Amino acid sequence: APEPEPEPEPEPEPEENEEDEGDGEEKPVVFDYTKMYFRYVSAASGVRGEDGEWVVGKKLERGEGVSFKLIDNTPQAPWVDVDNCLTYVGPERTIPLAEGEEPPPPPDEEEGPQGETVAFLKGFPRVGAYFAVPIKLATGEIAGMLCMDTLKGPAGGSGRPISTEDKDLLREVAHNASVALNAAAEMRAAKLALAAEEQAAIAEALAATEDPKPDLADGEDPPPEPEPEPDEPEAPQEGEDEDDAALRVNIAKTRKALEAAKANLSRKQKRFSAVDTLLEGVDDEALLEIRSLQRAPKYTWKALKAALWITGHKKYEFQTWALTRKLIGDDKIIKEFKDIDPSEMTLTDKARQGSRKCLRGIRDSEIVKESKTGAVFYRWCVGFTDVAVAAHEVKSNTEALAEYETDQRQRAEKKAAGGGGEEAPAEEAPSA
């Protein structure tokens with residue numbers, strides 16, 4: 001059961017203009033197969049039990065064989081039916097070229113026109129029949145084909161024409177495959193629509209934490225930004241030496257940095273609180289949906305591993321998907337996440353690097369397609385890390401400011417004790 005790879009995309013339909021409004025006819029969607037080829041993805045054993053698995057994974061490139069008339073012909077062939085592959089020579093067929101692709105060299109004139117022939121995947125021409133039908137979706141796209149043959153060889157094959165009953169059976173199987181693929185496409189479309197709604201809900205919850213913008217009338221300019229406070233003069237002022245001036249400037253800069261860090265922490269905490277609220281909606285049923293997956297969902301697993309790094313788990317505890325599934329055996333893990341305060345926690349270098357590596361490459365639009373719960377874990381990890389980093393910045397600036405102020409106070413006390421206070425000359429001030 002070969003299928004074209006990669007999956008073709010429909011060309012964009014031109015927008016209707018006023019002149020086209022009266023036509024009342026929808027223009028058909030045109031699918032571009034010029035860069036497609038067939039790859040065999042499944043095989044059935046013959047009546048004698050010969051193994052057909054050797055064909056799985058092989059490719060049928062453009063220009064090879066007769067099957068591409070299912071997608072290239074205008075109109076497309078409803079099926080391909082060859083009674084004797086060994087002697088078949090069909091009409092010469094022009095192979096469509098992709099944009100920018102160079103045409104093949106012309107055939108040798110002495111050999112005359114070259115008609116299409118059957119491609120033998122093992123390389124040896126054999127007697128026997130070949131029949132193929134397309135798997136056509138409701139959109140008109142050809143998703144693949146089903147084919148059968150009776151090529152005679154050491155492992156089997158009768159070499160005889162394919163019966164009408166077998167051809168009808170293959171057509172019916174191809175029709176049923178189309179129905180199943182259409183149903184799967186509808187389910188995927190519904191899942192993507194739901195994912196878009198869930199992503200919008202998460203985005204809305206995060207947007208609600210932003211500072212509201214002022215309501216402006218049409219044409220009204222936003223209020224101007226407040227003027228920044230002037231910087232402290234770096235030159236020594238009256239009664240200061242160079243060390244005193246440097247301390248004064250550092251204190252002023254650190255106070256500004258601390259104010260900015262506190263404002264940033266407040267913003268990050270508001271956003272994290274919104275995501276933390278979403279985490280409350282993750283119950284055992286939501287975790288069961290993830291645990292039931294036999295294969296690890298790519299982005300959701302990465303987000304889970306990042307969360308486990310953050311909460312202090314060791315790498316060996318979640319190194320495989322089976323181990324990770326055990327860790328999320330019930331909703332106790334959610335309580336573990338919620339009990340941690342990012343503003344009070346200092347991540348180890350290994351935990352910070354591990355979580356950062358896991359989160360790298362994840363996008364909201366991708367992970368929400370896998371799982372809403374995975375998207376919540378991802379946003380929780382990002383929010384947690386943001387708060388932890390912002391809190392560390394506040395702590396660092398607070399400690400630096402306290403150190404500067406202590407140093408300034410001690411210098412002032414020494415000056416007062418040594419020279420009677422403000423009259424002490426700068427050059428006689430004791431060094432720190």
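# Reading burial, salt bridges and a core

User: What is the relative accessible area of K338, and how is K338 classed?

Analyst: K338 has a relative accessible area of 29% and is partly exposed; buried means under 20%, exposed over 50%, and partly exposed in between (1.4 Å probe, protein chains only). This is a predicted model, in which local features need pLDDT of at least 70 and side-chain atom pairs pLDDT 80 or more, while totals for chains, interfaces and linings use all residues. Residues are numbered from 1 along each chain as its sequence is written, and side-chain values use heavy atoms, without hydrogens or water.

User: Which residue forms a salt bridge with K338?

Analyst: A salt bridge is a side-chain nitrogen of Lys or Arg within 4 Å of a carboxyl oxygen of Asp or Glu. K338 pairs with E280, with the closest N and O atoms 3.6 Å apart. K338 is in helix α7 and E280 in the loop between α3 and α4, so the bridge ties together parts 58 residues apart in sequence. Helices (H or I, at least four residues) and strands (E, at least two) are DSSP runs, numbered from the N terminus. E280 is exposed, at 55%.

User: Are K69 and E116 buried or exposed?

Analyst: K69 is buried at 14%, and E116 is buried at 8%. They form a salt bridge with a closest N to O distance of 2.7 Å.

User: Which residues touch the most other members of the largest nonpolar core?

Analyst: A nonpolar core joins buried Ala, Val, Leu, Ile, Met, Phe, Trp, Tyr and Cys through side-chain atoms within 4.5 Å. Here the largest has 47 residues, and L279, V282, I334, F337, F377 and W380 touch the most other members. Helix α10 gives the most to this core, 13 residues.
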